[in-house]
Structure formats: C-alpha cells, structure tokens
Amino acid sequence: MNTTSHDSLLRVDNVTVQFGGLKAVSGVTFDVRKGELLGLIGPNGAGKTTMMRAITGVVRATEGRIYLHGEDITKQPIHKRIRKHMALSQQLVRPLRQITVAENVALAAGSQLTRSPLRALMHLSQKEQLEIALQLLDRVGIRDYADQLPGTLPLGVLKRLEVARALATSPELLLLDEPLAGLNSKEAKALADTIQHINQQGVTIILIEHNLGEVMRICQRLVVLDNGRLIGQGEPHAVMADPQVRSAYLGGAQDETAASTETSHA
Ligand SMILES: Nc1ncnc2c1ncn2[C@@H]1O[C@H](COP(=O)(O)OP(=O)(O)OP(=O)(O)O)[C@@H](O)[C@H]1O
C-alpha cells in the first residue's frame, strides 16, 4: 500500500536489494520530501550506492516498493524513471573527451529531448541548445571552461560538469553520489555551496557523501544506513548524536574527543 504523505516526492518503502546471499539493502523505509536536500550517509559498504541504484532502476528491489509522486515505479525501467525527471550524477566522472564542456552538457540536454544521441549531436549546432548548456555551466560555476576539452581539466571542474549534465534533463529529483570525493576542503566547500544553491532553486536532492562536515552544513535531514539497514533519520545534529549512529561511524568508541571529530570525514 502507498502510505506516501502529501509532501513526499519519493517514498522508499521496506526496500531490500539482495545480491546472492548478501542483503546490500535490507528493509529500508524513508521519504524524500519535495524541495529538500537529504543526506544519505553511512560507513563504507553500508548500501548507499545500492539504494541509489534501486531508486533509479539500475538494480531492482528484491522486496519492497518505491513511489514517485505516489506512483509505484518499482518495476519501471531506468528510461521511464528518467523521463519522470530523475537524474543521477555518478561517483566517477565520465564526460566525452572529444567534445567541449559546453557540448557535453548540450548533448545531455539533447539526449533528453530527442532520446537519440545521434539526433542530439545534430542539434548541437542549434544556438538555443548551446545557450541552455551555457546557462547550466553558469549555474554550476564553470562557464569559463565552456570551450575547453574535458581531458585537460582538473577534477573539481569535471565534478561540476557532471552535475551540469545531470541538471540538463531538468530533474525534479537529483541524486548525487559522492560529488565531493577527491576534492580538497576549499573545493569541497565551494561545490557543496553550489549544491545547496541548486536545491534552493527548487531541485530536490539526495546527496550520498562521506564528507560529513559539508553534509552537516548543507543537508536539512539525514538518512543513515549501516550494513544495509536504516539506523537513523531526521535532523542532522539529532541524528549524529544518536548512539547507534555514532557507534556505526566510530566502531563503538564512546570517547567524546573521538566523537567530536566525526564531522570532518567519515
Ligand atoms: N553488484 C553487486 N554485486 C554484489 N555485491 C554488491 C554489488 N553492489 C554492491 N555490492 C555489495 O553490497 C554492499 C553495499 O555496497 P554499496 O556500494 O551499496 O555501499 P556504499 O554504502 O555505497 O559503500 P561506499 O561508501 O564504500 O561506496 C557491499 O558489501 C558491496 O560489496
């Protein structure tokens, strides 16, 4: 039964994802509210990426249901979910290296419009499409790199390009998988600010991230997984003060000094 509350954009209802004998996600239930920036956190191997993949349809939920706007999308293929305005920005950045930064974004926008990469490429010559790409690059703060080839660019710029490509499909729900990984603290803070800004412009975001300092700074709510199970959810500071969550991160250490360092990096 769909028990989605009226402000819920996405509902994950008792979802299990099993790989052979391993339950990577086990009976997890949570809501993503329309307009919120939700942090999905947990130690390595907790099941975060698998949860994200179950939401986008890359892997199928073995049990449970996923609802978007109250509609059961559990059995829908990826392309239908994307058409329902979901976009995923992956951990690994994989732009096309032979075309410029702006063309990469225009291609993503074009693929969404035409559902054919070839036709999308032909559309690249259209001024409007490149103009949309430039606006998106502006939105993520890398318009100055528009004419460069991705192969020559630092990771911080490529991460932003990845976010711009995801935004090119005008998603209502944006799923970001470790966008801050590999960035120094200054770059991470700047990208976290950009993510927060995108959220403030009306895009609902699920953020998987190990950089707990930035997660605590920008997320409105947290969902915490450990060994595939949900062990906490709610307001970030309350969640991080929960003994079970602290124990998952600190391996059971109860020492306050150790606990106070928890927000720097998991
Ligand atoms: N396709 C797969 N086949 C088999 N096992 C998998 C598969 N994908 C993930 N797993 C396993 O499921 C568990 C959860 O992995 P997952 O990548 O979802 O965790 P995570 O929380 O994203 O971890 P990390 O923070 O290290 O990226 C791990 O034990 C992992 O080895």
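**Around the ligand**

The residues around the ligand are Phe19, Leu22, Ala24, Gly42, Asn44, Gly45, Ala46, Gly47, Lys48, Thr49 and Thr50; a residue makes this list if its C-beta atom, placed from the backbone, lies within 6 Å of the molecule. The elements that give two or more residues to this shell are strand 2 (22-33) and helix 1 (48-56). Which element gives the most to the shell around the ligand? That's helix 1, with 3 residues. Sorted by type, the shell has 4 nonpolar, 6 polar and 1 charged residue. Here Ala, Val, Leu, Ile, Met, Phe, Trp, Tyr, Cys and Pro count as nonpolar, Asp, Glu, Lys and Arg as charged, and the others, Gly among them, as polar.

Two quick notes before we move on. Residues are numbered from 1 along each chain as its sequence is written. What you're looking at is a predicted model: local features need pLDDT of at least 70, side-chain atom pairs count only at pLDDT 80 or more, and totals for chains, interfaces and linings use all residues.

Now zoom out. The chain has 11 helices and 10 strands, which are DSSP runs numbered from the N terminus (H or I over at least four residues for helices, E over at least two for strands). Of its 266 residues, 41% count as buried. Buried means that 20 or more other C-beta atoms lie within 10 Å of the residue's own, exposed means 12 or fewer, and partly exposed is in between, with C-beta atoms placed from the backbone.

Back to strand 2, which runs antiparallel to strand 1, with 8 bridges joining them; strands pair if DSSP finds at least two bridges between them. Phe19 has Leu22 in strand 2 as its bridge partner. The hairpin has 2 residues between the strands, and Gly20 there takes a positive phi near 60 degrees. Strand 1 also pairs with strand 4 (residues 63-68), again in the antiparallel sense, over 5 bridges.

Find Leu10 in strand 1 (residues 8-19). Leu10 stands opposite Leu68 in strand 4. Is Leu10 buried or exposed? Leu10 is buried, because 23 other C-beta atoms lie within 10 Å. Leaving out residues up to four places away in sequence, Leu10 touches Asp31, Val32, Ile55, Tyr67, Leu68 and Leu173, where contact means C-beta atoms, placed from the backbone, within 7 Å.

Next, some helices. An α-helix has 3.6 residues a turn, so residues three or four places apart point the same way. In helix 5, Gln129, Ala133, Leu136 and Leu137 are buried. They cover an arc of only 100 degrees around the axis, so they sit on the same side of helix 5; the arc is that of the directions from the helix axis to the C-beta atoms. The face turned away from the buried side carries the exposed residues Lys127, Glu128 and Glu131. Just after helix 5, Gly141 takes a positive phi of about 80 degrees.

Helix 10 (residues 243-250) has Val245, Ala248 and Tyr249 buried. Their arc around the axis is only 90 degrees, which puts them on the same side of helix 10. Pro243 and Gln244 are exposed on the other side. The buried residues of helix 10 pack against strand 9 (221-226), strand 10 (229-234) and helix 9 (236-240).

How values were computed
Two residues are in contact if their C-beta atoms, placed from the backbone, lie within 7 Å.
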